[in-house]
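Please walk me through this model in the viewer. Tell me what to select at each stop and what is found there.

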Amino acid sequence: MAEVERHSYDVIVIGAGGAGLRAAIEARSQGMRTAIICKSLFGKAHTVMAEGGIAAAMGNVNSKDNWQVHFRDTMRGGKFMNSWRMAELHAMEAPQRVWELETYGALFDRTKDGRISQRNFGGHEYPRLAHVGDRTGLELIRTLQQKIVSLQQEDERESGDAESRLKVFAELTITKLTMDGERISGAFGYWRESGRFVVFDAPAVIIATGGIGKSFKVTSNSWEYTGDGHALAMRAGATLVNMEFVQFHPTGMVWPPSVKGILVTESVRGDGGVLTNSEGKRFMFNYVPEVFRGQYADTEAEADRWYTDPENNKRPPELLPRDEVARAINSEVKAGRGSPHGGVFLDVSSRLPKAEIMKRLPSMYHQFKELADVDITAQPMEVGPTCHYVMGGVEVEPDTGAAKVPGLFAAGEASGGMHGSNRLGGNSLSDLLVFGRRAGAGAAEYVGAIGATRPVVTEAEIEVASAEALAPFRAEGGENPYTLHTELQQSMNDLVGIIRREDELEAALAKLEVLKERSKAVSVEGHRQFNPGWHLALDLNNMITVSECIARAALIRQESRGGHTRDDHPGMNPEWRQVNLICSIDGEGVAVNKQALSSMRPDLLALFDRYELSKYMTEAELADLPVQDSTKGDS
Amino acid sequence: MGHNAKLRVWRGDASGGDLKDYTVEVNEGEVVLDVIHRLQATQTPDLAVRWNCKAGKCGSCSAEVNGRPRLMCMCQMNNFAEDEVITITPMRAFPVIRDLVTDVSYNYEKARKVPSFAPPKDLAPGDYRMQQVDVERSQEFRKCIECFLCNNTCHVIRDHEENKENFSGPRFLMRIAELDMHPLDTLDRKKMAQEEHGLGYCNITKCCSEVCPEHIHITDNALIPMKERVADVKYDPFFAIWSLFRKPDNAKS
Ligand SMILES: Cc1cc2nc3c(=O)[nH]c(=O)nc-3n(C[C@H](O)[C@H](O)[C@H](O)COP(=O)(O)OP(=O)(O)OC[C@H]3O[C@@H](n4cnc5c(N)ncnc54)[C@H](O)[C@@H]3O)c2cc1C
Ligand code: SF4
Ligand code: SF4
Ligand code: FES
């Protein structure tokens, strides 16, 4: 057997986005020798694309904001399917995590009194998103990257070797997690550059691999989003939760075709942009759902006043949670009131002066100017829904990020539960930091407790993993991976997209079976050195597995909630709110099981009034509620 | 409406290579990266190219298009005539790994040589207070997506491998300026810019600023102000002569 490169660490973190970097900083700070592994160059992970901001109830712009209000908004956004414990930890710890970034060197936009400025976003009651123009993700990733460099500089001063305790392995793809009996023993992967294999011996592995969007045709996600972490974790025996909940962001670019799906940040609406149809009507007023009546304006006049006087006016319906807006746009287009290229209009040019647009939305200006030849300071944009985020992910313990398998942890978009059925804008970046840190600490504690009984990666496992990775070279004259990928994306888009139906989901599952068979015969040309055809062939297996999770869970959940809309089962069903769908590997396929949601702690329940809870809960649950007075406390 | 474009793409690796001709379909609104991807999907599945966001945000897809350093994902095909031959080559200042992918580790090594942000020791998280006007200067530099096109372009290293040792390139000189202008940074960074990162090599040609896809005024806002401050500390011949001819309205605020 060919020689493989071998490394040994206490903790390895798969993923160098916000979650992975924060996890690595924590593990290293707690004394663990830590490796960070990522598919692209250091500093390029998907987090770099985040635009609008990071949600944290610092109360800098409106002092009424606090963690309880943030918690409440998050639960409402997720339609009460969130892991309440995660939502609680997230809301409580997000401000500390943002302030900490400043100590690493981040430079957020400021308020007049010199604090971190905060902007409005969909579903957030108060201005809450810390931001840097519309490039907040870049600031986050660069800051964490530079913090890692600073830790390496520290190590260099102490030991003469900058990489002695924290090393980044960039452009390396992990294809398998290895096991020592029931527990994790490390990971196997290949250098993208040379195609050579690498084995990491490590008792703890943190999955921070991001999302799954590349299984869909129209998406704001990059090639990295092939659901690797989801699939790797499942194959190691872990479970995924809530995979049916996929967020379609309401505003992606729709024209020209080559940029279809690229994100148009929600800040456009947060800063005053409005959605109109081909008749020039602000249609969102027709789409305020019952559960949100009372929180959103009824008239354009009131909505417009809100931007300057939020105390005395209700917010514009353009700022409803994303699932609502995406469905509304979908309906307008279906009803024949769309824009020329099958979207609707998003206009900020008639709402803000040119200079203000250039200052607040510079990347959007350039994106439209350079890619679509549209000047957003002078004309409306055309936008439509795009696959953006997966709420589902590895099922973890809220406090430690521990998955079902000893030694396995997950954080960030790859983990599930925090956002319930729908994520609020800005809640991902904060999620990455809060739970990245917790997973890093969880892994450190785990490694500290296992003592000398370290697991090892066996030769036999290495043989198997190498053979699997090389399979696409063995087959000859088989299928082209690009063709299969295109077919997968088309089916997921058409059959498991924003609006779903039983027969279509069944058709999707049938198609997935076919693709699964065909993928076994994929063959690639050339050699192992930087070969994108080969890389795609390997990623394809992960995409098919994850797509099956989504389609199966979507078929089972017979209701519409958040990022899961069933044409044949409209409306939320309180019975279904009590059910999480859990995916696990079953032979060559995926099994989905029902699992009860844990009930919220009484002090958290008390943050909502009974009337609101009655929209989500069953009669039996309501009967069990402690009697509370019905006036809504604001804190 | 599609047409067929004529592409010449550099294929090869560290041991050598050459330009290969291809004819590839192009559709309305497409960028060079789309066409490279079509080439990959239909004719050359093993063509190596780096990319991520395809939206000009990650700085992965740097290459040279007809000799000009560009992000392939932000380079519209309609910039070229339909019958024009478009030549795509890897960045020249960095060693080729394969095809359009280069070894940019030089940049990461230089990054590690810049001492990190050093806040006042007694300032607690949450207590940072800075005015917008004071953070704006460093914020401009933090727009950098690390595409390394500026470093690729700067003549000090583009054809002078030997200078790489002593010169960190515009990207990291700008990083030093960014920290120097950070309202709460406590280190004095002028001397290190000159002595350890080779600020003196820069003769303010502004070529770096011209290729920056983020339109950062690297030379005017980062390098020149640094040189000005260094000039107080140390003699820099280029700068001494240049400042004699300087218009007063260039003075930094
Ligand atoms: C255009 C856009 C705008 C957004 N704007 C916002 C916003 O304003 N606010 C907000 O809160 N959220 C926003 N989001 C969502 C948010 O950016 C993401 O959910 C978040 O960045 C995910 O971070 P992560 O750390 O989980 O993973 P990522 O940053 O995606 O990192 C994943 C990492 O895993 C690595 N990886 C994956 N598979 C493997 C493998 N097999 N082997 C090795 N490495 C692997 C990748 O290389 C990468 O380094 C936005 C998303 C998009 C697409
Ligand atoms: S201005 Fe200085 S750093 Fe920029 S290209 Fe010219 S010499 Fe290089
Ligand atoms: S300064 Fe501009 S050209 Fe240089 S690396 Fe940054 S973004 Fe690229
Ligand atoms: S692919 Fe990200 S900048 Fe071109």
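Start with chain A of this predicted model: its mean pLDDT (the predictor's confidence in each residue, from 0 to 100) is 94, and 98% of the residues reach 70 or more. Select residues 630-635 of chain A, where the pLDDT is below 50; beyond near neighbours in sequence, this stretch has 14 contacts in the model, a contact being heavy atoms within 4.5 Å. Where pLDDT is low, predicted coordinates should not be read in detail.

Residues are numbered from 1 along each chain as its sequence is written, and chains are lettered from A and ligands numbered from 1 in the order in which they are written. Local features need pLDDT of at least 70, side-chain atom pairs count only at pLDDT 80 or more, and totals for chains, interfaces and linings use all residues, while side-chain values use heavy atoms, with hydrogens and water left out.

**Helices of chain A**

Select helix H13 (residues 481-495) and helix H15 (residues 532-556) of chain A: their axes come within 9 Å and cross at roughly 25 degrees. Helices (H or I, at least four residues) and strands (E, at least two) are DSSP runs numbered from the N terminus. Axes are lines fitted to C-alpha atoms, for helices over the stretch in contact, and angles run from 0 to 180 degrees between N-to-C directions. H13(A) and H15(A) are therefore roughly parallel (angles under 35 degrees; over 145 is roughly antiparallel, 65 to 115 roughly perpendicular and the rest oblique). Their crossing is left-handed, meaning that the near helix is turned anticlockwise from the far one by less than a right angle; clockwise would be right-handed. Among the residues in this contact are A:Leu484 and A:Leu488 of H13(A), and A:Leu536 and A:Leu540 of H15(A). By class, the contact has 12 nonpolar, three polar and no charged residues. Ala, Val, Leu, Ile, Met, Phe, Trp, Tyr, Cys and Pro count as nonpolar, Asp, Glu, Lys and Arg as charged, and the others, Gly among them, as polar.

The contact includes A:Glu506 and A:Lys516 of H14(A), and A:Glu548 and A:Arg552 of H15(A). Its residues divide into eight nonpolar, three polar and six charged.

**Chain B**

Colour chain B by confidence: the average pLDDT is 91, with 91% of residues scoring at least 70. Where is confidence lowest and where highest in chain B? Helix H10 (residues 237-244) is lowest at a mean of 60, and strand S3 (residues 62-65) is highest at 98.

Next, select helix H3 (residues 132-141) and helix H6 (residues 169-181) of chain B, which pack at about 165 degrees with axes 9 Å apart. That makes H3(B) roughly antiparallel to H6(B). One of the contact residues of H6(B) is B:Met174.

**Two ligands**

B:Met174 is also among the residues around ligand 3, together with others including B:Cys144, B:Cys147, B:Cys150 and B:Cys212; a residue is near a molecule or strand if one of its heavy atoms lies within 4 Å of it. The ligand 3 shell has nine nonpolar, no polar and one charged residues.
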